[in-house]
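Let's work through a few exercises on charged side chains. Have a look at the sequence and the structure first, then try each task before reading its solution.

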Amino acid sequence: MPDENKSNQKTYHKKASGAALTTVKKHAKEHELKLFGSCFCPFVQRVWISLQFKGIEYQYIEVDPYKKPDYLLAVNPRGLVPCLRHGDWGCYESTVLMEYLEDLNMGSPLLPPDDPKTRAHSRLWTDHVNRHIVPAFYHYLQAQDPPKQIEGAQELQSQIGKLLDAAHPSGPFFLGPQLSYVDVQFAPWIIRMRRVLSHYRGWPRPEEGSRWAAWVDAIEQNEHVKSTTSNDDLYLDSYERYAGTGQIANE
């Protein structure tokens with residue numbers, strides 16, 4: 001007899017929705033710079049935001065990374081997204097691709113030019129996002145036991161707190177009033193905190209008037225973030241299998 005919970009479980013979406021779908025349609029035409037992505041993937045969204053911010057022309061190609069089509073494997077033998085193909089050259093890994101877009105010197109920079117100390121500072125805290133915040137997000141989301149969920153929430157809050165301590169004091173973004181490299185690295189998970197963690201794990205809304213609230217609001221309202229973000233149900237459905245059916249902890 002089939003597992004009823006498993007049969008009722010929603011699956012990941014294979015097509016963007018809302019504002020992100022509008023952006024996909026605007027970038028459907030053939031172009032030498034191609035972004036291979038999946039609408040639910042936060043690592044793809046990093047690169048996508050970067051392209052939108054810079055105003056670089058590109059073609060967006062939605063792929064199912066679990067099917068691993070040949071044209072994706074030709075760029076990344078592991079069959080993972082995001083990937084970029086630029087002419088006859090291809091590369092992958094979201095941070096590497098963001099660096100590549102910076103090195104093209106096209107459009108607005110996310111890393112401040114002619115300021116090596118601030119660039120190094122940004123790269124240092126990008127490393128913190130990747131080493132500590134992203135893993136903490138998934139550990140928390142996947143925790144089934146309430147004590148593990150409480151532990152996961154505390155760890156995620158602690159790692160975000162360290163990032164906030166390194167950020168510009170008034171912001172609202174990491175380096176001040178303008179979106180920059182660390183913001184784009186972190187933005188997809190900020191987006192998913194309200195849409196996914198709040199629903200499945202009771203993640204709290206930022207305290208009104210706090211530095212964290214200012215950052216979250218700035219990310220949520222940024223035009224380039226919004227243009228790559230789908231409707232809420234896409235994220236709820238796509239992350240249900242990560243969240244499982246565990247009881248939500250009450251701290």
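**Salt bridges, step by step**

There are nine salt bridges here, counting a side-chain nitrogen of Lys or Arg within 4 Å of a carboxyl oxygen of Asp or Glu. The model is predicted, so local features need pLDDT of at least 70, side-chain atom pairs count only at pLDDT 80 or more, and totals for chains, interfaces and linings use all residues. Residues are numbered from 1 along each chain as its sequence is written, and side-chain values use heavy atoms, with hydrogens and water left out.

**Exercise 1.** Find what ties E220 to R194, and where the two residues lie.

*Solution.* Step one: their side chains form a salt bridge, 3.6 Å from N to O. Step two: E220 is in helix α9 (residues 211-221) and R194 in helix α8 (residues 181-201), so the pair ties together parts 26 residues apart in sequence. Helices here are DSSP runs of H or I, at least four residues, numbered from the N terminus. Step three: E220 is buried at 14% relative accessibility, while R194 is partly exposed at 32%. Buried means under 20% relative accessible area, exposed over 50%, and partly exposed in between (1.4 Å probe, protein chains only).

**Exercise 2.** Now do it for R195 and D232.

*Solution.* Step one: the two side chains meet in a salt bridge of 3.2 Å, N to O. Step two: R195 sits in helix α8 and D232 in helix α11 (residues 232-243), 37 residues apart. Step three: R195 is buried, at 9%, and D232 is partly exposed, at 33%.
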